[in-house]
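Dear colleague,

Please find below the structure that I am handing over to you. My notes on what was found in it follow directly after.

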Amino acid sequence: MKTKSRKIVIGNMKMHGSLDFNESHFKSLKQKLGSFNELSITLCVPYPYLFQAQKILMGSNIHWGCQNVAKELEGPFTGEVSASMIKDFQGELVIVGHSERNTAYCESDENIAEKFNMIKKYKMTPLLCVGENLIEREAGIMEKVVSEQIKTILDLYGQDIFKGSIIAYEPIWAIGSDSAASPEQIEKMCEFIKQLIHTNVRDNDDVNIVYGGSVNAKNAVQLCEINGVDGILMGRASLDADEFYEICNSIHKI
Ligand code: PGA
């Protein structure tokens with residue numbers, strides 16, 4: 001679903017939307033983004049709207065996916081949704097390790113690794129979110145934090161597990177805020193992640209790195225031009241079809 005030459009644009013709708021809102025939102029995205037074939041575009045929707053996303057976006061250049069998955073395949077896990085269920089609706093990409101889940105539901109790095117593995121098993125693309133909080137940044141340990149998040153997966157499942165995956169650098173302090181991290185901070189961390197992947201993963205060309213945290217129509221070009229950034233992950237901007245369009249329009253030629 002993606003290649004190195006195409007910029008990646010992923011929308012994370014979080015817990016927003018309704019049947020009515022989605023009906024017009026998905027249709028306007030389909031219509032407005034239809035010509036951006038140079039981009040790899042995916043919208044991660046809340047579980048109940050997967051069928052609606054499939055129905056409306058099918059046949060368009062927009063892929064769809066989810067924001068979480070169970071680490072188990074099936075069984076007595078009340079409230080969970082498995083990778084095979086997402087696959088039933090042709091979901092192609094699943095976010096794991098988003099900081100909003102890690103804080104609210106105390107997800108451990110091991111949990112996240114198991115979910116990552118489950119997504120791979122079902123031949124979908126895992127999008128692993130990594131990033132430090134403000135205290136960790138101020139203490140200068142952001143690289144250590146990010147490397148532990150990635151290494152837990154490598155240690156449990158080996159280097160091939162990262163093939164075809166996406167890593168999103170999302171500094172927690174930049175999510176839902178007024179401004180994104182600075183280009184210098186992003187470049188440094190993406191370079192660090194690239195090195196880490198380069199040393200630990202065979203076929204590392206197949207691993208993409210995107211940035212997330214207050215991406216909008218004003219900063220998208222600057223963010224996508226940073227060395228080592230293969231695309232963007234956006235929350236709020238994915239809920240506004242005009243802004244989504246402006247972002248795609250501004251970066252599709254990069
Ligand atoms: P934001 O969210 O773009 O609204 O900051 C990003 C994210 O949490 O993925």
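Helix α4 (residues 99–105) supplies four residues to the lining of the largest pocket, the largest share of that lining. Please bear in mind throughout that this is a predicted model. The largest pocket has a volume of about 400 Å³, and 14 residues line it, of which K14, M15, Q67, N68 and R101 are the closest to its centre. Sorted by class, this lining is made up of seven nonpolar, four polar and three charged residues.

The second largest pocket holds about 300 Å³ of space. Its lining comprises 18 residues, with N102, G131, E136, Q149 and I172 the closest to the centre. Helix α4 contributes here as well: α4, β5 (125–130) and α7 (142–157) each provide at least two of the lining residues. By class, the lining of the second largest pocket has five nonpolar, eight polar and five charged residues.

The model also contains a ligand, and the residues around the ligand are N12, K14, H98, E170, I175, G176, G213, S214, L233, M234, G235 and R236. This shell consists of three nonpolar, six polar and three charged residues.

- S214 places a backbone N or O atom 2.8 Å from a ligand oxygen.
- G235 has a polar backbone atom 2.9 Å from an oxygen atom of the ligand.
- R236 has a polar side-chain atom 2.7 Å from an oxygen atom of the ligand.

Taken alone, the ligand exposes 280 Å², and the protein buries 99% of that area.

Yours sincerely

Methods. Residues are numbered from 1 along each chain as its sequence is written. This is a predicted model: local features need pLDDT of at least 70, side-chain atom pairs count only at pLDDT 80 or more; totals for chains, interfaces and linings use all residues. Side-chain values use heavy atoms; hydrogens and water are left out. A residue is near a molecule or strand if one of its heavy atoms lies within 4 Å of it. A polar contact is a pair of N or O atoms within 3.5 Å; within protein, one must be able to donate a hydrogen and the other to accept it, and residues adjacent in sequence count only if both atoms are side-chain atoms. Accessible areas come from the Shrake-Rupley method with a 1.4 Å probe; for residues, only the protein chains shown count as cover. Ala, Val, Leu, Ile, Met, Phe, Trp, Tyr, Cys and Pro count as nonpolar, Asp, Glu, Lys and Arg as charged, and the others, Gly among them, as polar. On a 1 Å grid over the protein atoms alone, a cavity is a set of points where a 1.4 Å probe fits but cannot get out, and a pocket is an open set with protein on both sides within 12 Å along at least five of seven lines; lining residues have an atom within 4 Å of a point. Grid points are joined across faces, edges and corners, and a volume is the space filled by probe spheres set on the points.
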